[in-house]
2 protein chains.
Amino acid sequence: MSRPRSDKSDSILSSLGKRTEAPPISWLMNEALKHPNLISLADGITDNKTIPVPETREILSQLLASPSKAQSVLQYGTAAGEERLREATTSRLARLDSESKDDYPADNLIITNGSQQFLYMLTEALCDPGDIIIVEDPTYFVYLSIMQSHGIEARGVRMESTGLSIQDLEQKLNALAESGQLHRVKFLYSVTYFQNPTGITTSYEKKIKALELLRSFEKKAGHPIYYVEDAAYRELSFPEFSPPASALKHREYRNRLIYTSTYSKPYATGIRVGFGYLPKPLHTVVMRIKGNHDFGTAHLLQQILVAAIESDKYEAHLAKIGRSYHRKAMAMLKAIQQYFPKSVQIIPPNGGLCIWAILPQRIKTGPKSGFFKESLRQGVLFVPGEFAFANDPTRPKPGSTMRLSYGSATKSQIQEGIKILGSLLHDRIGN
Amino acid sequence: MSRPRSDKSDSILSSLGKRTEAPPISWLMNEALKHPNLISLADGITDNKTIPVPETREILSQLLASPSKAQSVLQYGTAAGEERLREATTSRLARLDSESKDDYPADNLIITNGSQQFLYMLTEALCDPGDIIIVEDPTYFVYLSIMQSHGIEARGVRMESTGLSIQDLEQKLNALAESGQLHRVKFLYSVTYFQNPTGITTSYEKKIKALELLRSFEKKAGHPIYYVEDAAYRELSFPEFSPPASALKHREYRNRLIYTSTYSKPYATGIRVGFGYLPKPLHTVVMRIKGNHDFGTAHLLQQILVAAIESDKYEAHLAKIGRSYHRKAMAMLKAIQQYFPKSVQIIPPNGGLCIWAILPQRIKTGPKSGFFKESLRQGVLFVPGEFAFANDPTRPKPGSTMRLSYGSATKSQIQEGIKILGSLLHDRIGN
């Protein structure tokens, strides 16, 4: 949250070095460390209990069984990533979108260290300080740290139950056009499945409408305006829900769509592998940047995922975690119904790892608020919603929301944590 | 080598996106792919045969044996890296420098995706476009791509058999001071052990002299000037050689020294783990940048190395590869003696993966030279030495050198490859 302590060596830092702030997540982790018996409804990490241990053990023992195969598994790969993983990934994408594999060429894919690294490199490739990215209000807060570090401005677009408001997007674009700032707008960043933090899934129709709208402003912008579809939570769907297709399905806008997702969240976060799918000219640029970052994601990790996907262990695991997170989400919703005042608004999720709570506006939830501090004192940590709102100079930051995660907490911790928060809310709101 | 093909989507790229060129290494790899029966004396990768397969199999089977341990191994780590690996790494560093562990606090260490990612983030933290980094002539060519991408200028310092020329360094610094450019100089980048590409090891005395010299220019620069000691090849020492201490040993300059190395080259390149050790205020900045890149290197990979180091498997492996690369280096030197004209200068290495050959100036070795093309036609690939020279506007780029690697080639390939090159050299030089 604070800048590095100023000392004489600060004067040598680059603009980026001077700008880059500590991410809110490290502040949250420090709070957690200071309170060891804390119930954490804050961390977006996955559930230790769902980590595919026997599956991974079996895969590794097979990968390393023959010396010659093991040698290649433990050797460098390439900057774009292992070809079999790129093929397996684009095949999966085509299948999820009910399209033919031929329409999803693996040449447009790059394997990265989680989707986070892809987002970082994409931002490097497209944005200079002073540029603008349109984000959702609220959005994935770790991406906001990347933007802040690169000196990028944000414009926030209101969220509805089916995704971002097209009307509000149009207003924001018009305002940017009128003030002559449209040339600074590089892309719209949208977390389209079980959004972190709201749990909202954007409908296919909205994605296409957003793409249409962006295209209609391109002439004034003087360059393409991309739509970045962050599908990191796409595979954390609850059993009964059928997530919509990605915007990749729509051929007309394919050259304006950048899609990213990850295997870390659904499979195992200790195996950091994500990917980005993007139009070829941009793919070339991002791949060069990847070459400079690290010449390619660790080959061993990629080979684990190839084996998991090709053997259907991955698919079976998805079904298992879908059921497990669904049970925990239901436990949290039930506890909320039981313990929270009725004036607290909740969006029930269909997947992902968190539930968004909107409190009456007079209840502030920020890290310095009485409510946050009292929750912490009583042993419950949540993510203050304001972390997930960009610094958009054109609107005040909403301050009365909470992100409640059921990712790593147990059912009884969820129940206990929600009960404590509920009692604090009743004290402040009444019924 | 070439910029991305210009099309309408180029106009949206950032300055970095527009600047970033394809690295020479991808061009080399393409050449290799076009000639499948090639003898490659070009790649700096390690020998498949030396990869520690049984060791890694045993480690992984132990790491994943107990479900609760396995769950933590397969879960997220932290941005700074696994504490046990940081402790094991700083203990090793202290031991290599014959110093007490207490003088090498693990808090100054960050674990990264190879030393490459560390160098990238350090450059981001310290350098703006137009800044200057002083490099060795020649230097590690992949680092030059990072500099190019960030719009950084280079000044090259002549190399001697004991490392960079202090006299030349002083001249370059004086010239920069006289032309009022010293404020643009952020650090000196030096590959201190078995340098890629020359194989030269910098003496401890020279490192300290360089640090003294840099400090004497700080007042004029208006900020610290760091010395970046890249020790990536330090542990690839031949059996009889005792590498000198790192500059970390000298307490007086500790706050100006940045040290980086890697476990990828000595252990397994498919397990991408490196590290950087740096003064605390800079450590904080680089750790924040790491949080934005990927929140931390894959935990599974770090745990493999913890186990390898703590069980002494790592140490035993180092002794093995030291002997193996020594045998191959000797085979290459013997072949060179037998087949190369006497006018070719060779620096015999004490470790690392390559031998540097300096030809008479009239023989050009660049990628477009007749000599390079004819070598390729006859089935031998080497790295044209000019790739390893920075674009220093103050001197012409030397064009008559070759980097010859014995990393991945077999002994008979080495012999055959050197014989072919020797015959081509005799045609051009005579004896």
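This is a predicted model: local features need pLDDT of at least 70, side-chain atom pairs count only at pLDDT 80 or more; totals for chains, interfaces and linings use all residues.
Two residues are taken to be in contact if their C-beta atoms, placed from the backbone, lie within 7 Å.

The partner of E2(B) is strand E9 (residues 274-277) of chain B, and the two strands pair in the antiparallel sense over four bridges. Within the sheet, Ile111(B) is placed opposite Phe275(B), a residue of E9(B).

Chain A likewise contains an open sheet of eight strands with mixed pairing, and the strand order there reads E2-E9-E8-E7-E6-E3-E4-E5. Strand E2 (109-112) and strand E5 (163-164) of chain A stand at the edges with a single partner strand each, so one side of each of these strands is left without a neighbour in the sheet. Elsewhere in the sheet, strand E3 (residues 132-137) and strand E6 (residues 185-191) of chain A pair in the parallel sense, over four bridges, and Ile134(A) stands opposite Leu188(A) of E6(A). A helix also covers part of this sheet: helix H9 (residues 204-216) of chain A lies across E5, E6, strand E7 (226-230) and strand E8 (257-262) of chain A, and its direction is at about 155° to E7(A).

The two chains touch each other through 69 residues from chain B and 70 residues from chain A.

Within chain A, two domains are assigned, domain 1 (8-51 + 321-429) and domain 2 (57-314). The centres of these two domains, taken over C-alpha atoms, are separated by 25 Å, and the contact between them takes 37 residues from domain 1 of chain A and 35 residues from domain 2 of chain A. On the side of domain 1 that touches domain 2, helix H1 (15-19), helix H2 (24-34), helix H13 (313-339) and strand E11 (354-358) of chain A each supply at least two residues, and H13(A) gives the most, with five residues. The residues on this side of domain 1 of chain A divide into 19 nonpolar, 12 polar and six charged.

In the pair formed by H6(B) and H7(B), the axes are 10 Å apart and the packing angle is about 30°, which makes H6(B) roughly parallel to H7(B), because angles under 35 degrees count as roughly parallel. The crossing of H6(B) past H7(B) is right-handed, and the contact is made by Gln116(B), Leu119(B), Tyr120(B) and Thr123(B) of H6(B) together with Val142(B), Tyr143(B) and Ile146(B) of H7(B). By class, this contact has five nonpolar, two polar and no charged residues.

Helix H8 (residues 166-178) and helix H9 (residues 204-216) of chain B pack at an angle of about 15°, with their axes 10 Å apart, and H8(B) and H9(B) are therefore roughly parallel to each other. H8(B) passes H9(B) in a right-handed crossing, in which Ile166(B), Leu169(B), Glu170(B) and Leu173(B) of H8(B) make the contact with Lys206(B), Lys209(B), Ala210(B) and Leu213(B) of H9(B). The contact of H8(B) with H9(B) has five nonpolar, no polar and three charged residues.

For helix H14 (residues 370-377) and helix H15 (residues 411-429) of chain B, the packing angle is about 145° and the axes are 10 Å apart. The crossing of H14(B) past H15(B) is right-handed, and Phe371(B), Glu374(B) and Ser375(B) in H14(B) meet Leu421(B), Leu424(B) and Arg428(B) in H15(B). This contact of H14(B) with H15(B) has three nonpolar, one polar and two charged residues.

Key:
Residues are numbered from 1 along each chain as its sequence is written. Chains are lettered from A and ligands numbered from 1 in the order in which they are written. Domain bounds come from an automatic or database domain assignment. Ala, Val, Leu, Ile, Met, Phe, Trp, Tyr, Cys and Pro count as nonpolar, Asp, Glu, Lys and Arg as charged, and the others, Gly among them, as polar. Axes are lines fitted to C-alpha atoms, for helices over the stretch in contact, and angles run from 0 to 180 degrees between N-to-C directions. Angles under 35 degrees count as roughly parallel, over 145 as roughly antiparallel, 65 to 115 as roughly perpendicular and the rest as oblique. A crossing is left-handed if the near helix is turned anticlockwise from the far one by less than a right angle, and right-handed if clockwise. Two strands pair if DSSP finds at least two bridges between them.
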